[in-house]
Amino acid sequence: MPKKLSTSTKAASRYNNDCSAKGIASNFIKIRKDAAVSKPISTGSIIGDYAITKIPYIGQAIKAYNKGSFGGSHLAHSINAYNESCRSRKKK
């Protein structure tokens, strides 16, 4: 049997348990800052990235690939924010 801990010794979550839109949004921002995603295709230089994206077909492909990875990461962050807000409630 698991050991029962008092409320003072339980680990406190960094995220709020507010299931409103505002609570989910604040958790999303915290999670997005914790797990930042960098560009998968990058030269490492702002000027180099700008120059490569100006090439007609190659630039469009690079932009689409980078936006796809950011879209996937935002989707995962939003699912985690919802789970932390609504499914982690203390049962009364």
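His77 is found in helix α3, where helices are DSSP runs of H or I with at least four residues, numbered from the N terminus. The model is predicted, so local features need pLDDT of at least 70 and side-chain atom pairs count only at pLDDT 80 or more, while totals for chains, interfaces and linings use all residues. Residues are numbered from 1 along each chain as its sequence is written, and side-chain values use heavy atoms, with hydrogens and water left out.

His77 is buried, with a relative accessible area of 8%; buried means under 20% relative accessible area, exposed over 50%, and partly exposed in between, with a 1.4 Å probe and protein chains only. Apart from neighbours within four places in sequence, His77 is in contact with Phe28, Ile31, Arg32, Ala35 and Val37, contact being heavy atoms within 4.5 Å. A polar atom of the His77 side chain lies 3.2 Å from the backbone oxygen of Ala35. The C-alpha atoms of His77 and Lys30 are separated by 9.5 Å, although the two are 47 residues apart along the chain.

Helix α1 covers residues 21-34, 14 residues in total, and reaches 20 Å from its first C-alpha to its last. This is close to the 20 Å expected at 1.5 Å a residue, the expected span being 1.5 Å times one less than the number of residues. The buried residues of α1 are Gly23, Asn27, Phe28 and Ile31. Seen down the helix axis, they fall within an arc of 135 degrees, so they line one face of α1; the arc is that of the directions from the helix axis to the C-beta atoms. What covers these buried residues includes α3 (56-86). On the other side of α1, Ala21, Lys22 and Lys33 are exposed.

Asn66 also lies in helix α3. Asn66 is buried, with a relative accessible area of 9%, and, leaving aside neighbours within four places in sequence, is in contact with Lys39, Pro40 and Ile41.

Asn66 is one of the residues nearest the centre of the second largest pocket, along with Lys39, Thr53, Ile62 and Lys63, and 13 residues line this pocket. The elements giving two or more residues to its lining are α2 (46-53) and α3, and α3 gives the most, with 5 residues. On a 1 Å grid over the protein atoms alone, a pocket is an open set of points with protein on both sides within 12 Å along at least five of seven lines, and lining residues have an atom within 4 Å of a point.

Terms used. Polar contact = N/O pair within 3.5 Å; in protein donor to acceptor, adjacent residues only side chain to side chain. 1 Å grid on protein atoms, 1.4 Å probe; cavity = no way out; pocket = protein on both sides within 12 Å on 5 of 7 lines; lining within 4 Å.
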